[in-house]
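Subject: Structure for you to look at

Dear colleague,

My notes on the helices and the rings follow after it.

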Amino acid sequence: MKNMTTATPEQLFEAEVKQADIDHHTPTAGAMTGHIVSNLVVLSDKLQMAKWYVKGMQAEQLKDLFGKLLHQAYAQKDALGAVLIDEALVTPSTQKEFGEYAMLEENGQNKYESAEWIINDLVHDYDTENMFVTRAIKLADKEDRPVLAQHLIGLLRDNNHNIARLQALLGNTPREGLDEEDDED
């Protein structure tokens with residue numbers, strides 16, 4: 001490929017896709033963080049749907065909470081993408097990439113579920129997100145990327161707070177129903 005100053009946009013994107021494929025087969029902090037960015041896109045969509053469609057006695061309070069979580073997810077995605085760029089890494093930037101790299105799932109029928117079901121689903125989404133965050137922190141540390149690691153630690157803190165907050169609405173402790181419990185009874 002030509003050097004970066006003479007390469008065409010097509011050549012640059014082709015090289016990016018090739019490098020992303022390599023990075024995802026041998027996980028790097030950048031690749032793992034790309035999964036997190038993609039999950040935040042899906043999470044944002046789910047929070048928007050929850051805000052629009054939640055029903056029940058607490059709907060107004062939940063709409064407010066989901067709106068705050070939605071704004072947080074947008075800000076997290078934007079900030080995380082900026083950190084990746086600052087670290088000379090690539091962030092997913094197209095719907096195709098978001099769909100390919102996200103582990104969270106959305107479904108239009110979920111808007112008809114109960115408020116409790118929606119909250120529980122979001123708890124599990126934040127917990128799934130944390131699997132990627134903790135792995136990305138370890139990789140960032142290993143790759144000597146302290147700025148990325150610190151940013152990811154903040155994301156982990158926020159996710160843990162969101163889990164605890166949503167679990168409390170369900171009458172649960174923060175980790176209830178998330179950690180595998182030993183069945184030694």
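**Helix packing and rings**

Helix 2 (residues 29-53) packs with helix 3 (residues 59-86) at an angle of about 160°, and their axes are 9 Å apart; axes here are lines fitted to C-alpha atoms over the stretch in contact, with angles running from 0 to 180 degrees between N-to-C directions. Helix 2 is therefore roughly antiparallel to helix 3 (angles over 145 degrees count as such, and those under 35 degrees as roughly parallel). By class, this contact of helix 2 with helix 3 has 16 nonpolar, 8 polar and 3 charged residues.

This is a predicted model, in which local features need pLDDT of at least 70 and side-chain atom pairs count only at pLDDT 80 or more, while totals for chains, interfaces and linings use all residues. Residues are numbered from 1 along each chain as its sequence is written, and side-chain values use heavy atoms, with hydrogens and water left out.

Turning to helix 3 and helix 5, their axes come within 13 Å and cross at roughly 20°, which means that helix 3 is roughly parallel to helix 5.

The 28 residues of helix 5 (residues 115-142) should span 40 Å at 1.5 Å a residue, and this agrees with its end C-alpha atoms, which are 41 Å apart. Helix 5 is followed by D144, whose phi is positive, near 55°.

As for the rings, the charged end of K111 sits over the ring of Y53, 5.1 Å from its centre (the cut-offs are NZ of Lys or CZ of Arg within 6 Å of the ring centre and within 35 degrees of the ring normal).

Best wishes

How values were computed
Helix = DSSP H or I, 4+ residues; strand = E, 2+ residues; numbered from the N terminus. Parallel < 35°, antiparallel > 145°, perpendicular 65-115°, else oblique. Nonpolar A, V, L, I, M, F, W, Y, C, P; charged D, E, K, R; others polar. Expected span 1.5 Å × (residues − 1).
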